[in-house]
Structure formats: C-alpha cells, structure tokens
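Have a look at the structure first, then read on.

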Amino acid sequence: MKNNIDAAGILEVAKCPAEQVSSQSTKYPVFGNIIVGFEKVATEIVGQLVRGPDQLQIISIFGMPGIGKTTLANILYNDPSVVDRFDKRSWGVVSQTYNKKILLIEMLCSINHSKRETLENKAEESLAEKLYKSLKGCRYLIVIDDIWDINVWNDLERYFPNDRIGSRILFTTRNKEVGSEASPHSVINALPLLSDAECWKLLQGKVFEDGNCPQELPYIGKQIAKNCHGLPLAVVVIAAILSNMEKKEHLWQEVARNLSSHISDNPNKFMQILELSYEHLPNHLKPCFLYFGTFEEDDEIYVRGLISLWVAEGFIEKEEQKCLEDVALKYLMELIDRSLIIVHKRRPNGEVKTCKIHDLLHEMCSRIGEKMNFWKMVNYNEDDPPMFFSQVLIHRQHNCVNINWRESRIHSLPFGLRVRSVLFRCGHLVERSTIITSSFKVLRAFRFSRVPNDHHLIGIEHLVHLRYLIISFKLPPMESFHKLEYLRVYTNFKIEIPEILLTMLSLRHMHFPGGAYFSASCRQQASMVESFQISSNLQSISVIRIFDETDEKILRCLHNLRRLKGEVGSSLNYSFDSLKQLESLRLQSNVGVPSSSLITPPLNLKYLTLVNVHVSPKQMETIGRLEYLEVLKLQHVAFEGEQWDTNEGEFPQLKFLKLYDVQLAEWNALGDNFPTIQRLVLQNCYNLKNGIPPSFGGILTLQMIEVHWCTKAVELSTKQILEEQLDVGNEEFKVIISGPKSERKEQGECESEEQEESENEEITDEFMEH
C-alpha cells in the first residue's frame, strides 16, 4: 500500500501496517519519539504496557477523530522498551466496517510474518485457531486500531489467551465506552486537544523541516495554529497547504482568513474521516448531534438549555422510570464519550455545565444539516426587502430555522409549514419591529430574546404546538399554549405569574431571570382555601419572590419541583421539606442586612446556596445532616456568634464547599466531618481567625483548596494542610492562594481557575439556552 502521508498524514496511518508506518515516522507530527502535546500521556501508557498486573489487561486510547490516536499508538508500538518487553506484537485495524477474516489475517501476518496469499485460502475458524496457538504461552501486545463497537471485542476476546504473564491489548477508539465495557480492569486514556503553543510547535515542525521560520511569519503562524483549536489533524492539513506555497506573510494571512474553507475544500482527505463518526451514530443520537450546527462556532453551550431544546424538538425517546431531561443528559454523555462534544465547564460536583463542539465538527454538522434540510441559517441584513424571509423558504421546508437578525425591521417571519423551530440570533436593533409568526403551523420551539421591550409579536397565540418559548418582553396570553414545556422571559421588570401557568400540565420549566411573583388571584385563592391544591408538573422555577406564608404555601403544592431559586424576605421560617423531589435550592435575601430566616430544606437536597441570610447553629446542624448534599455555597452569610461548630457525622456526601464573604471568626470541625469533600473554596473571609480546621489535612478525598483574599491564619492553615496531604501520599492535591499583593501558587498547584460567576450571572446562567 502506498504511504501517502502528506496533508492527510494522520488519516493514512490508520490504513497502513504498523511496521510500515514506523519507517515514515518523520512525516508524522512527532518530535523525537513523542507526538507534540502527548508527552505525558505517552509516558503513562508506556508504563501501563511494560509494568502493572500479570493478568491480561486492556488499555484504550480514546479521543475525537483527527486527534492522533493511531499515530500515538504506532509510536508506542515501536518504542524500544515496549519492543523489548513483549515476545510477540500484532497490529490490526477494525475501522467502521468490521471484517473478521481480514483482521485475523492482518494480525497473523504481523505475528508470524506469514504470507497473506496463504492465509486468504484458510477458513475463518482455522485462522482464529492459528492466532490463539501463536499467542499461547507468549507475552504479547495486540493493537486493535479504530475499534468502534464493543461487539467486535466480544467476538474476538476468546482468541487471546490469558496466561497471566503481562500480555496487553491496546485499543484506539472514538468511543470511551468500548474500553470501559471490555473489562472491569481496563485502563482508559483520554487524549486532550493541543494547546495553542503545541499547535504552533507542530505547525513549525511540519512546514519548516530545517526549523528556520522567517521572522515575519511567527505572528500570523501562531494565529493560524490557534485557529486549528487544538486538533492535530487540522494542523497537518493546513501545514500541507503552507508547505506548498511561498513563505510570504500576505499569503499566510490569506490562509488565516480562509482556514475553514482550506480544510473543507479537501473533503476526500479530511471531512470524510469526520463524517464516519456521524454515520456510525445510533439513530437516536443523530438529530441531537446535528442540532449543534444551529449554534455559532465557538459558542459555549449551556447543557440544561440544550437539553430543553432537544426535548421540545421531540428528539428524546421515553424510558421507563426516567424523565425526559435525564434521558437527554444520557444522550449528551454518549456524544461526549464518543469524542464528538467537548466538556467546557463542570459544576462543583463534576456534572457538565457547558459544552462546545470543535469548529471542524461544527462545519460537518452544518454541511450535513443543510444537505438533509435539517436546519437552515438565514442572514437578514438592513438592505434586504421586507418579504425576504418568505422568498427564502417558500420552496424548501426545514425542520429548524436559525435567523441572524441585525439592525433591521422585520414584518413577517419565513413561511414554513413544516418548520419546527425558529431561533433568532439578534444584533443591534435600532428601531421598533413588528413580528408576524402565524405562518408557522407546527412550530415547537421559538426563541426571540435579548431584544428591546418595544418589539411586538403578532399571531403568537396561534402557535398552539409550542413546547419551548423564550422571549424578552411581557408575557403574552397563555391560554392556547397547552403543550408548552419550557418558558423563559427576559425583562427588566418582575413578571406576574398568572394562575394558568401553575395549572398547565405540560409546563416543566419556568424561568424569569429578572424576577417574578405570584398574581393576586393565585395568592387570594391560596389564602382562602385551607387545602390549596395545584395540578402542576413544574420541575424548575426561578427567580420567584417568597415573601410571606402564602407564597410559601403555593410553592409547597408544586410537588414535582427539582430546582428552585427564590428571593426571600426577612423574619420568616421557610419550610420546603414537603418538596420530596427538590434537588437544588438557592435562596437569596435582597434586604440590606442578612435576614434572620430559618430554612428547613428537603431531605433529598443535593445542591444548596444561601445568599445574604443569617444562620443559627441549629440551622447549620440541619443542613449538615442532609444525607445527599453534595454542593454547599454560603455567600454573605452571617453565622450566629460568628462561630461554626460541626457535629459528629455531618456532611457525609459533601463534595464542594464555598464560603464567600461570610461573617465567621471561628470554624471548628471534627475528624469525621466532610469525609468525601473534594474541593474547598474560601473567598473574602476577612474575619476567620483560626483558619481552616486542621482535620482537613487527613481527608484523603480532598483534591483542591482555593483561598482568595482571606486572613493570614487561613493561608497558614492551608499550607499546613498541603504539607499533611503530601505526607500521606496525596501528590495530586492542589492549593491556590491569592491575596492583595499577588496571586501565589503553592506546590502541587495548578493554574488558577476563573472566578465563579457574579451573583446575577449565577442566577441566569443555570438555565441559559445558548
């Protein structure tokens, strides 16, 4: 086979026998024997191969297409320490279409140096028996490259003897689950995207073989490398283009401006390898993946908003004893495990908060989505005629229309009888617009947000199939929206919640970032009827004003609530223990001084945030006894007597604790408190005189302590905990300390993370749609 390792260098590796490939290693993105950016993971995998248990062990390398899995596996396969360790080595490629006989022949050829022509005449079972006998009693390394499905391994497993002498199976895969399902003792190695500096190093090595880069090119070269967004395959493709042109600054600037087109203009060498990932997706994941094409490149996508759109679109299949949102989250994790979606931010308990899609995969989604009429991007500019939208869509129907609207007046939306969602992306609107929506007969999702309040929607009451609605002006009449599931209203004033919203059986999520309050009729009915009942399936509501017992009484009737954000008054006991499904609770008082509220949280609570409230020892003991609490944030909280004493057995499942500007002078904790905590953050704790309790030094689950602008005692106690953690062998433990002079990092340290969002951002971003 011809080794055409140029613009598509990484692609061709997967098609060549490993021994052949090694002779061409100088053409890979490799410096010395290690791929740029993968030095650490390569060292770890070599250790896994040559050391570890005697039993047969499966080791997998997984990552997104084009990241260099096969190239890395090949370098490891030919590493001298690996070659010396194993009696026999074999390399086989599975790829998307699994052909068992061809795979067996490939492995036998590399093990026994048999002639392919002789093996091709043998039966499949005869080949399998020959493979087993060839490996029996030998310490072997088998590389199974590009394995997509665990069923392939289930079919092959019996042909690899386990003689407990240190043999290894090495997978490369795009699907994390292949490695984890193959064996409970398997080791999984994720390949990260390259940093901008690593991309530039790789680009230089590919373009300038002598290492001499003209002095006018590094600036624009670094920009090109940065725009590859960490994907080695993109760097290799662009490097091939740059290598075949004059090394002139203006030519490189042209490449930088048109980088995406340079890549997508090579579909045979590039896009096809990415499209294999889409084609191999199960049917239930394909529309969910294509939906990422409706976002702009580099968008940070909030998971909860994305899930709500998927549910509204009807992409999520019902599963017994699971709500649709939980099933949708499972779908997202499948896409992440298949290396198609990137985790961008996590919540304190480790759950995915926001995600991204690589630009090249986004380009693929756009291509496939538009080709299949799955969605349509419409750019509407100031010079376009009033009937522009109708002309765009009068002949072709699309499931989803994404409208980029900038500085224009629109009188009607696109005409589309089959369009199921319209998502506006609005620019700077300079004049009042009237929007006519009645042409959409089956519309499920409509987003028209972040626009001035003087824009009008006409005909929205006719959109009776709406499941998802986001607007930024006053609430329209809601009587016709019997199927509505998700409602979000952005305004600068508080929204009055009419009684109908509390009785809509389909409505599951209701969010008002600017605040909301129950209408007079709701409150009157609740106050007059002793056993007030509401037929509601609401799962989340924010930000609702809870100022008296009537508000609290209404909330206690929402038995399906899972997340609640409320603005509370002072001098009131709040009891939410009747909300058995409630998992996340955030209560904030907006009065000038901390309110003296007593909160009784539900027993199943996992996340609790209290802002600007007063807490007593009894209150903190109640919180500490919550069996499932994982995240606790106390912000501008006043402790009674400025003292916090934890009792035996408290906070058994807490993983994250944040104290921000709390009125606390003394904190005492027992050795068995916080047994599972992973991360502790103290910020602006100016009064804490005795520092962090020394018992944290013996908590082996602790991974990080962050201290920002706190007392000297807090800093000293943090350093003492660091020493104790390192003494007990917790070498991964990290400490970040910052103060008024400069930010300081201690040993075992990491780069400081961005500070968490401001309180207002924290209120809005949890249910952000895009």
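This is a predicted model: local features need pLDDT of at least 70, side-chain atom pairs count only at pLDDT 80 or more; totals for chains, interfaces and linings use all residues.

## Helix H14

H14 covers residues 249-257, and Trp252, Val255 and Ala256 are buried in it. Viewed down the axis of H14, these buried residues fall within an arc of 100°, so they line one face of the helix. An α-helix has 3.6 residues a turn, so residues three or four places apart point the same way.

Which residues are exposed on the other side of H14? They are His250 and Arg257.

## Helix H3

Helix H3 has twelve residues, 39-50. From first C-alpha to last, H3 reaches 17 Å, close to the 16 Å expected at 1.5 Å a residue. Its buried residues include Val41, Ala42, Ile45 and Val46, and the run Gly47, Gln48, Leu49 and Val50 is buried as well. Just after H3 comes glycine 52, with a positive phi of about 95°.

Strand E15 (residues 445-448) is covered on both faces. Ala445 and Arg447 are buried on one side, while Phe446 and Phe448 are buried on the other. In a regular strand the side chains alternate between the two faces of the sheet.

E15 pairs with strand E17 (residues 468-471) in the parallel sense, over four bridges. Within this pairing, phenylalanine 446 stands opposite leucine 469 of E17.

## A loop residue

Glutamate 157 sits in the loop between helix H9 (150-156) and strand E6 (168-173). With a relative accessible area of 39%, glutamate 157 is partly exposed.

Definitions and conventions: Residues are numbered from 1 along each chain as its sequence is written. Side-chain values use heavy atoms; hydrogens and water are left out. Buried means under 20% relative accessible area, exposed over 50%, partly exposed in between (1.4 Å probe, protein chains only). Helices (H or I, at least four residues) and strands (E, at least two) are DSSP runs, numbered from the N terminus. The arc is that of the directions from the helix axis to the C-beta atoms. The expected span of a helix is 1.5 Å times one less than its number of residues. Two strands pair if DSSP finds at least two bridges between them.
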